[in-house]
Amino acid sequence: MKIAIFNDDLLGVVMGDRVNDVSKVAGWDKADPNASFLKLVENFNELKEEMNREAETGTSYSLNEVTLKSPVPSTRKIWAAPVNYRKHQEEMNKIFNNAPRTIEEIAFFLKSPESLSGPSDPILLPYKDRLVRTMRRSLDMWSVNRRKM
């Protein structure tokens, strides 16, 4: 079962290219998606069968017509791994070979809960103007140094 939060914090089940509203049978309160999500997780085994039935017969929307939101309404912590594949792990260990700890020892780190986003949400960079100015300066310096060669 693929579960989605969509549009105005409705709960849905994705089936093929459609999302089916199961908010009512799941006891989903779109005014409080955080509490509703916790309730869904806690009671999923009891709700699953009724949600499947509703998904087959209830209100259905094309995925092209809806806005999918973050699969988790909010969280206090996001645990992340510093690497997601072995080759990158080897590269990072080479780069940080003088570091007091290796990537293997670090294992996980915390990310800001504000980094949650839906699949179509823009990714906002902090200090965008400063980043662009720094990149421009770096490119200008590279260009000047290149001309001197």
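The dialogue below takes these features in turn.

Mentor: This is a predicted model, in which local features need pLDDT of at least 70 and side-chain atom pairs count only at pLDDT 80 or more, while totals for chains, interfaces and linings use all residues. Residues are numbered from 1 along each chain as its sequence is written, and side-chain values use heavy atoms, without hydrogens and water.

Trainee: How many bridges join strand 1 to strand 2?

Mentor: Strands (E, at least two residues) are DSSP runs, as are helices (H or I, at least four), numbered from the N terminus; two strands pair if DSSP finds at least two bridges between them. Here strand 1 (residues 2-6) runs antiparallel to strand 2, with five bridges, and Ala-4 has Gly-12 as its bridge partner. Three residues separate these strands in a hairpin, where Asn-7 has a positive phi of about 45 degrees.

Trainee: Which residue takes a positive phi in the hairpin of strand 2 and strand 3?

Mentor: Gly-16 does, near 65 degrees, in a hairpin with two residues between the strands. Four bridges join the antiparallel strands 2 and 3 (residues 18-21 for the latter); Val-13 is partnered with Asn-20.

Trainee: How many residues of strand 2 are buried?

Mentor: Buried means under 20% relative accessible area, exposed over 50%, partly exposed in between (1.4 Å probe, protein chains only). In strand 2 (residues 10-15), five of six residues are buried.

Trainee: Where is Phe-108 placed?

Mentor: Phe-108 lies in the loop between helix 4 (103-106) and strand 6 (109-111). Phe-108 is exposed because its relative accessible area is 53%.
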